[in-house]
Amino acid sequence: MCNNLYLMLLQHFDNTSKLSKEEKQERELEACRYSIKFLIPEIEKRIYECNEEFMPKYYELWEKAYAFAGRRSLEHFIDYIELDLPAQSKVLANRRNVLKPFIFYLNKSAFDSKLQYIEASFPPRIW
């Protein structure tokens with residue numbers, strides 16, 4: 001069932017050939033919002049509640065959902081790229097509390113024409 005839901009979400013995301021630029025962008029953001037707010041948490045819940053035989057399939061679907069959300073969410077994209085890295089090599093996972101506002105505004109700048117520049121001031125040891 002979840003895999004079919006994922007395929008439907010991909011179809012909804014990619015079926016924008018006859019829409020205007022604003023409608024296309026809104027549809028893409030809507031599909032990614034749905035993935036972030038519903039699909040990923042629901043799959044995480046299923047991973048913990050399912051039998052061991054279905055766990056690898058749900059995990060694979062969870063990875064696909066992160067890849068899908070990463071199309072329009074910088075935070076999810078970085079998390080997806082860092083999934084298979086060792087813990088000491090991860091950038092966002094180890095510094096999420098510091099980098100979260102910066103990533104939020106970087107992501108927002110891609111979709112908001114009013115926001116063109118981002119300035120951030122961090123202590124020297126963070127970078």
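Residues are numbered from 1 along each chain as its sequence is written, and side-chain values use heavy atoms, with hydrogens and water left out.

The predictor's confidence in each residue is given by pLDDT, on a scale from 0 to 100. The protein chain has an average pLDDT of 81, and 87% of the residues score at least 70. Confidence is lowest in helix α1 (residues 2-14), with a mean of 71, and highest in α4, with 89. Where pLDDT is low, the predicted coordinates should not be read in detail.

Helices (H or I, at least four residues) and strands (E, at least two) are taken as DSSP runs numbered from the N terminus. On this basis the protein chain contains five helices and zero strands, in the order α-α-α-α-α along the sequence. Contact denotes heavy atoms within 4.5 Å. Of the contacts between residues at least 6 apart in sequence, 48% join residues at least 24 apart.

Helix α2 spans residues 21-49 and includes glutamate 28. Glutamate 28 is buried, at 8% relative accessibility, and apart from its neighbours within four places in sequence it contacts Phe13 and Arg72. With a disulfide defined as a pair of cysteine sulfur atoms within 2.5 Å, the count is zero.

Side chains of opposite charge can pair when their charged atoms come close. A salt bridge is defined here as a side-chain nitrogen of Lys or Arg within 4 Å of a carboxyl oxygen of Asp or Glu, and the structure holds eight of them. One of these joins glutamate 42 to lysine 45, with the closest N and O atoms 3.5 Å apart; both residues lie in helix α2, three residues apart, or about one turn of the helix. Lysine 45 is partly exposed, at 44%. In helix α3 (residues 55-69), lysine 64 and glutamate 60 are four residues apart, about one helical turn, and form a salt bridge whose closest N and O atoms are 3.9 Å apart. Both partners are partly exposed, lysine 64 at 28% and glutamate 60 at 43%.

A further salt bridge pairs lysine 100 with glutamate 75, at 2.8 Å between the closest N and O atoms. Lysine 100 belongs to helix α5 (residues 92-109) and glutamate 75 to helix α4, so the pair ties together parts that are 25 residues apart in sequence. Lysine 100 is partly exposed at 40% relative accessibility, whereas glutamate 75 is buried at 19%. These two residues belong to a network of salt bridges linking Glu75, Asp79, Arg96 and Lys100.

Accessible areas were computed by the Shrake-Rupley method with a 1.4 Å probe; for residues, only the protein chains shown count as cover. The accessible surface of the protein chain is about 9,300 Å², of which 53% belongs to carbon and sulfur atoms.

Technical notes: This is a predicted model: local features need pLDDT of at least 70, side-chain atom pairs count only at pLDDT 80 or more; totals for chains, interfaces and linings use all residues. Buried means under 20% relative accessible area, exposed over 50%, partly exposed in between (1.4 Å probe, protein chains only).
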